[in-house]
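Dear colleague,

I am handing over the structure below, and after it I set out what was found in it. Please read the notes alongside the coordinates.

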Amino acid sequence: MSAPARGPGRSGRAGRGPSRPGVLAAARTALHQWLERPLTSLHLVLAVFGLLTALGLVMVLSASAVSAYAAGGSSYGVFLRQAAFALIGLALFWLGLRVPPRRLRAASPWLLAGCLVLLVLVLVPGLGAVVNGSRSWFRVAGLSLQPSELTKIALALWGAHVLVRHRPHPKTWRAALMPLLPVSLGVLGLVLAQPDLGTTVSLMIIVFALLWFACAPLGLMAFIVSSGVVASVVLGVVATYRQSRITAFLNPEAADPLGPAYQARQALYSLADGGLFGAGLGQGRAKWDYLPNADNDFIFAIIGEELGFVGAAAVIALFATLAYVGLRIAVRSVDPWIRVVASTLTVWLVAQACINIGYVVGLLPVTGIPLPLVSSGGTSLALALLSGGLLANFARHEPEAARVLRAHGQGRLARTLRLPEPEVASRPASRGGGR
């Protein structure tokens, strides 16, 4: 009696190789092993900031070519200025990557004091330049510099220093808040005097993140959040143009399509025209004077139009990766100051991106907050790259990463950039700011 023949199904599966669940399990294992490597955080920071900066330069060139040619006879005017600030930003990235964290912390009070002086000087007629109705710029050699952007980083560094110093002692929160809240309110007042509501919102996010990651009491957090909401509503109502934007957002059907609702509606048209894969790089129509500020506040609409849903989703994925790696650096660090600063900078950048994308797709009222690293704006780009350098610096100071770099060397690129060896930190024994 002959043995029964084997069914074709089993032998066919064996011939085709491993099953799909096996491949997925192997991929998950490989991803987990890669994420557990000591230098993964550093590599992710470099990749995310590099890709977003490169994409931003390409999209600024595409979105601004028409308006730049109409204004100055050259399609590369805005792009070349953005590229110049990108080079400045790379220098700042290197500086943020190179300075030891303990020196950054020691210099944070002086950095914030300098920013406060600049915020006062920019309000002086003749010193500060008015752009789009806001006196928040210095004009230097044809370049515009916005001191409030540097103030965001300075406030994060100094605020973390003050809060971490009192963190182990809940009864001393009043001592920590006495310098932080008055200084923060002073900064907000100076920025509102320009007036610049978008930067004010970003600074409020930074203050909230500082208190949250420093483990402030929940009652205090609830009071600050409610106060921030009330202040935002008041600021949105007192100015006529802000009130019209909010009204157009709440009731878009009744809003004037050529008035306050014009930009938001044109942005949705651009996103709809992009479809799944987009019209092609440089082939968008909205930048032909149909969408104001196409290279700045509404550049995400140009991305959706020219690169489609796939390109827009890739941008969102990059910011999601930034959120992951920033919080990963904070969790894996042992220095409380690094934890608070890394978390705060991450929340600031990602929240600003969420607000920008939110009002482009119609989920939020238009606020004029740019898309970090992507929108046209030299000071914003340069200082966002400085934040990336700080995150990369903190990634090098993760305990395992620091041990590997000190034991096996930093590599040719690190030696070329003259990066010092990271300090191996231990958990602080007593006070939050010590080692």
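Helices (H or I, at least four residues) and strands (E, at least two) are taken here as DSSP runs, and they are numbered from the N terminus. This is a predicted model, in which local features need pLDDT of at least 70 and side-chain atom pairs count only at pLDDT 80 or more, while totals for chains, interfaces and linings use all residues. Residues are numbered from 1 along each chain as its sequence is written, and side-chain values use heavy atoms, with hydrogens and water left out.

**Surface patch and the stacked pair**

With that convention, V229 is found in helix α9. On the scale used here, buried means under 20% relative accessible area, exposed means over 50%, and partly exposed lies in between (1.4 Å probe, protein chains only); V229 is partly exposed, since its relative accessible area is 48%. Together with F208, W212, L218, V225 and V233, V229 forms a nonpolar patch on the surface, and the accessible area of these residues together is about 570 Å². The areas come from the Shrake-Rupley method with a 1.4 Å probe, and for residues only the protein chains shown count as cover.

A search of the whole structure finds 3 aromatic pairs, where rings of Phe, Tyr and Trp (its six-membered ring) pair if their centres lie within 6.5 Å, and planes under 30 degrees apart count as stacked, over 60 as edge-to-face and the rest as tilted. One of them is the stacked pair of F208 and W212, with 6.2 Å centre to centre and 20° between the planes. Both residues lie in helix α8, 4 residues apart, which is about one turn of the helix. F208 counts as partly exposed because its relative accessibility is 31%, and W212 is likewise partly exposed, at a relative accessible area of 47%.

W337 and F394 form another aromatic pair, which is edge-to-face at 6.0 Å centre to centre and 80° between the planes. W337 lies in helix α13 (residues 336–360) and F394 in helix α14 (residues 378–396), so this pair ties together parts that are 57 residues apart in sequence. W337 counts as buried at 1% relative accessibility, and F394 is buried with a relative accessible area of 0%.

**Salt bridges**

The structure holds 5 salt bridges, a salt bridge being a side-chain nitrogen of Lys or Arg within 4 Å of a carboxyl oxygen of Asp or Glu. Among them is the one between D273 and R285, whose closest N and O atoms are 3.4 Å apart. Because D273 lies in helix α11 (residues 262–274) and R285 in the loop between α11 and α12 (299–332), the pair ties together parts that are 12 residues apart in sequence. D273 counts as partly exposed at 42% relative accessibility, whereas R285 counts as exposed at 54%.

E306 forms a salt bridge with K287, the closest N and O atoms being 3.0 Å apart. E306 lies in helix α12 and K287 in the loop between α11 and α12, so parts 19 residues apart in sequence are tied together by the pair. E306 counts as buried at 1% relative accessibility, and K287 counts as buried at 8%.

E398 and R332 form a further salt bridge, with 3.0 Å between the closest N and O atoms.

**The sheet**

Three strands form an open sheet in the order β1-β2-β3, with antiparallel pairing, where two strands pair if DSSP finds at least two bridges between them. The edge strands are β1 and β3, each of which pairs on one side only. Strand β1 (residues 128–131) and strand β2 (residues 134–140) pair over 4 bridges, and V131 stands opposite S134 in β2. The hairpin of β1 and β2 has 2 residues between the strands, and N132 takes a positive phi near 55° there. Strand β3 (residues 143–145) is joined to β2 by 3 bridges, and L145 in β3 is the bridge partner of F138.

With kind regards

Definitions and conventions. Patch = residues over 30% accessible without salt bridge, like charges linked within 9 Å, V, L, I, M, F, W, Y side chains within 5 Å.
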